[in-house]
Amino acid sequence: MSQEPRTYSLLLFLFLSHGVASHGVPDSRQDLPPLLQKMAEEIIDGSYLNALLDLIQFQSSHVWTADLSRRVLAYLNSRNVAFTIPSLQAAMENHLEQCLYQPWKLLEDLRGTDAQQFRTAMKCLLEDKKDRLELDDITVDLGEIRKQALQSPGVNRSLFLITLERCFQVLNPLECVEILGRVLRGSSGHFLQPDITERLPRDLHEDAFKNLSVVFKDLYDQTSAHSQRALYSWMTGILQTSSNGTDDSVSWVSAENLWILGRYMVHLSFEEITKISPIEIGLFISYDNATKQLDTVYDITPELAQAFLERISSSNFDVRNTSTIHRLGLLVCFYDDLELLDAAVAQVLLHQMIKCSHLRGFQAGVQKLKADLLEIATENQTLNETLGSLSDAVVGLTHSQLESLCPEAVHSAISTLNQVSGWAKSQVVILSAKYLAHEKVLSFYNVSQMGVLLAGVGTQAFQAMDRRDLVQLLRSAVSLHVSDLSPAQQHGVLSKVMEAGDTTSDIVEIQGAFFKEVSLFDLWREPGFNPTVLKEKELRRSQALFLFELLSKTARRPEELLSAGQLVKGVMCSHIEAMSVDSFLAHFQYFENNFSLLSPYQINCLAWKYWEVSRSSMPPFLLATLPARYLASVPDSQCVPFLISLGKSQLDSLVLDSHKKNSVLKKVQQCLNDSVADEYTVDILGNLLCHLPAAVIRRGVSPRAWATALHSLRDCLDLSPQQKVAVRLRLLEQHGLPQNWTAETTKDLGPFLVLFSGDELSSVATKFPDILQQTASKMAGTLPPKEFLQAVFESVRNSSEESPSSDRSPGCHGVSAPSSNDIIKLGEANACWAPEGLLCLGEDAFLRSVELLGAVRSFSPAQLRTLKEKAVQVWDTPSYWREYHLASLGRIVLALTESELEQLDLSSIDTVASLSQQTEWTPGQAKSILQGFLEDSGYSVQDLKSFHLVGLGATLCAMNITEISLIKISEFRVVVARIGTLLCSTHVLAEFKRKAEVVFGGPTEWSSSVLQELGTIAAGLSKEELRMLDKDLMPYFQPSAIKCLPDEIFKELSAEQIASLGPENAAAVTPAQRRQLSMLQLQSLQRTLDGAKTRSWLDEPPSASPTRTPSSLSPPGAWVSQGLGLGCPLLVLMPRLVW
């Protein structure tokens, strides 16, 4: 949106000023070519876009010369227009602002162009060969203008609308379709509202229609259900009109029309599908690209899929033929002709069903079909014989089936098993054990064959490998699967790799996320780092702080360090402050490109640096990180660039303090005048839309803007209760009660269904159970409201085949228990089962769904206890349970009592690591796990290795001071960062802190990287030690450590130390800690939260204003672009596009 207006205004200014500078006053009698006369008149009228388009047209057939510049100015003078450079500049600047910040003005300008000018504008969008405009010694990059225009929502919207209005009357339809495609792809499809189809031409030639249909198919997933239906109607209207048949009994759905519809074929009605002629459906299936098309019908329903299968069966294609099955795409997921099916065909079907995971819903039916096919495929053969030919259906095998496999069968099938996705951790453990049982020695070769099953290799097995094999493993493609290992397994590998004293250079070989496990202590010993080797590694902040400091001591160019992957995490404020003005401005792009990696403290430092050295060109969003008075100084004329810039950032990570955020939002509301007038304003707001107050959402968003705003609100993950109420009321006003909604409305409002009451959702559960369940499945990993989960539960139960429990236990007679299909469909809504229903769960259903039940986060303690009792019924007492049992139980293990935990075999650290993934253990349970491991493994505390410490996880908090003192320093020092994530009691953290002193020295010797590495361990500092810390270290506490500091110790921080905490740590201060602070300390804390500069705060009186007062933020000459050297203010009117 920004580049085009700026560039064409700048272009005219440059070429005219060039003429004046070079040639003085031109001769008024010299004539101009007619097109340039027209251009000059448009300059006089202020129609700068029209003038640019005429100039581009003139340039297409003429060579520009300095003489032409003189003659244009002569013409202007002859028209008695007293143009001076300043007046021309002011006129252009005004026009620039209108086009830049009011994109609808660009739409008006384009509407006002004549046919030739409009044709020129459209040709520019089509990437003509002439991408550069040569104007004497001035070059304008039209390709860059086009690129920026297509990337800007506001300009993109105007281009989309004007293309629909005028293009098909002026240009070749194929060219117009190409332009529409480019504009729409730049908009992610959100311009395609249902009413748009009314503006689409209905008389397109065949090629243009097909090309436009391809555009709509490409944007299918970004298009609302209502818009999909409208576009389908537009497409079918044209296809039906062009159909040669006049007999209603003959279907218009030909093979070619099916191909043109693409993914829109799922909108055909059941009746239309059944009328497709066998010849046409056979011809369609014979197309080479039919399979690719059918692979993408992700939202097809079982009813429609089976209708298509029936029509295909009626053609010459036999759906039991292998070649036909390969052509069915996702239709294979609904295959229902299983009677007398051959085992070989069942195996082919299973192989094709790998793609069924892409379906939108209906996974329970897919799993049932796979189970049925699996039974057929193994009917006359053993599982051992068929294992390698069952594709990903093997994921459906139960523990007992996997346990029945012989090691030889697993070894033979490893090339299939190692690629299957969807394995549960418990299955991986069993299969890996089977595979490794076949191997005599664990070598690089046999481990490299394991693929996704690598995560099942025990920590001790890694320890038993030859070190050279492990190093080779880390250098190979198999290292991609190392990130799937548990922290204990990863440290088992690391400790083996680091075993020899002269092999620290192998650290450099560690890639990706695994590198984050390397300790700060080990980095100290490695001299071989350079920026290049760091580019592909993920870094903890403590690692980055150390490495940046280390590498910056050598004579390296700033861009080498700032472009070295995640090394930018280690930039300190002192590094930023030390940069010269030129260096900072030249290298700021490296910070821009990595803002997601920067901490709030780093961003605050960048903002202060920018304010001091070049506030005129400062990216406006950075003002939000400075004290509120700086934000208030933004003049109204700069509101739009401020909103655009801030709307491209993530406000929640940029401003952490709620009071500060309210100040930012007040400025936003002031800029908006408390209203969102139209869709262009929604484009400008970007992510800020998620933060608009409830009152603005309720009354301030105009009806014209609402549809676009609603599309954006779908992506807001953390609306406040007040905002949710406002959205719900708007939806009720627009769509009425849910009981009156259509299927399309229900789909489009899916993310907002959680806003409605149980009574309101009950009608949705009845009318559209599949849509409700699909909506719920998209919310996996979140905790929807109980009423929403209850509605999902009702929808599944209402459509489920009632089956009395197969459990014969007392009390289960007549109880309706969940089936495995129900459990798959319900997801988090399984929390709605009554405990008695869970207790009466059939054994087979329990075994097939235990992992799903163990992942439910909303289960109550009573429900967890019930499921534990079911596990005891099925697997016997905990003393018989193995590692894979515990891995499959998930959160259910939390119901184990201390005595039951003592029964477990905890001799393996991997078993303990599986338990320690849960974070809700009571101190008594944690102590039982810790003691159980020490007793069952035979280790004493002083024997514990680094990987043992990591695997024990939060249970380490159950150690007493004596036990902690026994941990070997050599093992502790390589897992400090892991232990620093634990939220232990103060006395435990204090003991870990004492061990850290042996590694890193006393607190007065700690560096920023050490303090960051320690994490919560730093909360074990005493009052005296805390007071002695240098204030410059305060930003490098982890926020979790700040929260863990006892209130009576936190209050010992000086006002200066508190002022140096940085925004992130200041936001972590708890209410209890606040209550202990003095007035001076509270003032320091508030200044930090507000973004005050830490190094100068004591020298600045409380009422100090910024260097420039609000009224002087943009005085004459302040907004000058350093890049032009012409005193032209145009560039700085642009919003800085950061993300």
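Student: Are Glu1025 and Lys993 buried or exposed?

Tutor: In this predicted model, Glu1025 and Lys993 are both buried, where buried means under 20% relative accessible area, exposed over 50% and partly exposed in between, with a 1.4 Å probe and protein chains only. Their side chains meet in a salt bridge at 2.8 Å, N to O, and the term stands for a side-chain nitrogen of Lys or Arg within 4 Å of a carboxyl oxygen of Asp or Glu. Because Glu1025 lies in helix H63 (residues 1023–1028) and Lys993 in helix H61, the pair ties together parts that are 32 residues apart in sequence.

Student: What should I know about the conventions behind those numbers?

Tutor: Residues are numbered from 1 along each chain as its sequence is written, and side-chain values use heavy atoms, with hydrogens and water left out. As this is a predicted model, local features need pLDDT of at least 70 and side-chain atom pairs count only at pLDDT 80 or more, while totals for chains, interfaces and linings use all residues. Helices (H or I, at least four residues) and strands (E, at least two) are DSSP runs, numbered from the N terminus.

Student: Which residue does Arg994 pair with?

Tutor: Arg994 forms a salt bridge with Glu991, at 2.8 Å from N to O, and both lie in helix H61 (residues 986–1000), 3 residues apart, which is about one turn of the helix. Glu991 is buried, with a relative accessible area of 8%, whereas Arg994 is partly exposed at 39%.

Student: How many salt bridges are there in the whole structure?

Tutor: The search finds 47. One that links distant parts of the chain joins Arg229 in helix H12 (residues 225–242) to Glu744 in helix H45 (residues 743–748), 515 residues apart; the side chains meet at 3.7 Å, N to O, and Arg229 counts as partly exposed because its relative accessibility is 30%. There is also a network of salt bridges that links Lys38, Glu42, Asp54 and Asp114.

Student: Changing topic, what does the chain look like as a whole, in helices and strands?

Tutor: The chain has 69 helices and 2 strands, and 56% of its 1139 residues count as buried. Taking contacts (heavy atoms within 4.5 Å) between residues at least 6 apart in sequence, 72% join residues at least 24 apart.

Student: Which residues have a positive phi although they are not glycines?

Tutor: Ser391 is one of them, with a phi of about 55°, and Asn673 has a phi of about 60°. Ser391 lies in the loop between helix H21 (383–386) and helix H22 (399–403) and is buried, with a relative accessible area of 7%. Asn673, in the loop between helix H40 (658–672) and helix H41 (679–685), is exposed at 62%.

Student: And where is His190, and what does it touch?

Tutor: His190 sits in the loop between helix H10 (173–186) and helix H11 (206–218). Not counting residues up to four places away in sequence, His190 touches Arg157, Asp683 and His711. Its relative accessible area is 18%, so His190 is classed as buried.

Student: Last one: where is Lys1051, and what is it in contact with?

Tutor: Lys1051 lies in the loop between helix H65 (1047–1050) and helix H66 (1055–1059), and counts as partly exposed at 32% relative accessibility. Leaving aside neighbours within four places in sequence, Lys1051 is in contact with Gln1076, Leu1077 and Gln1081.
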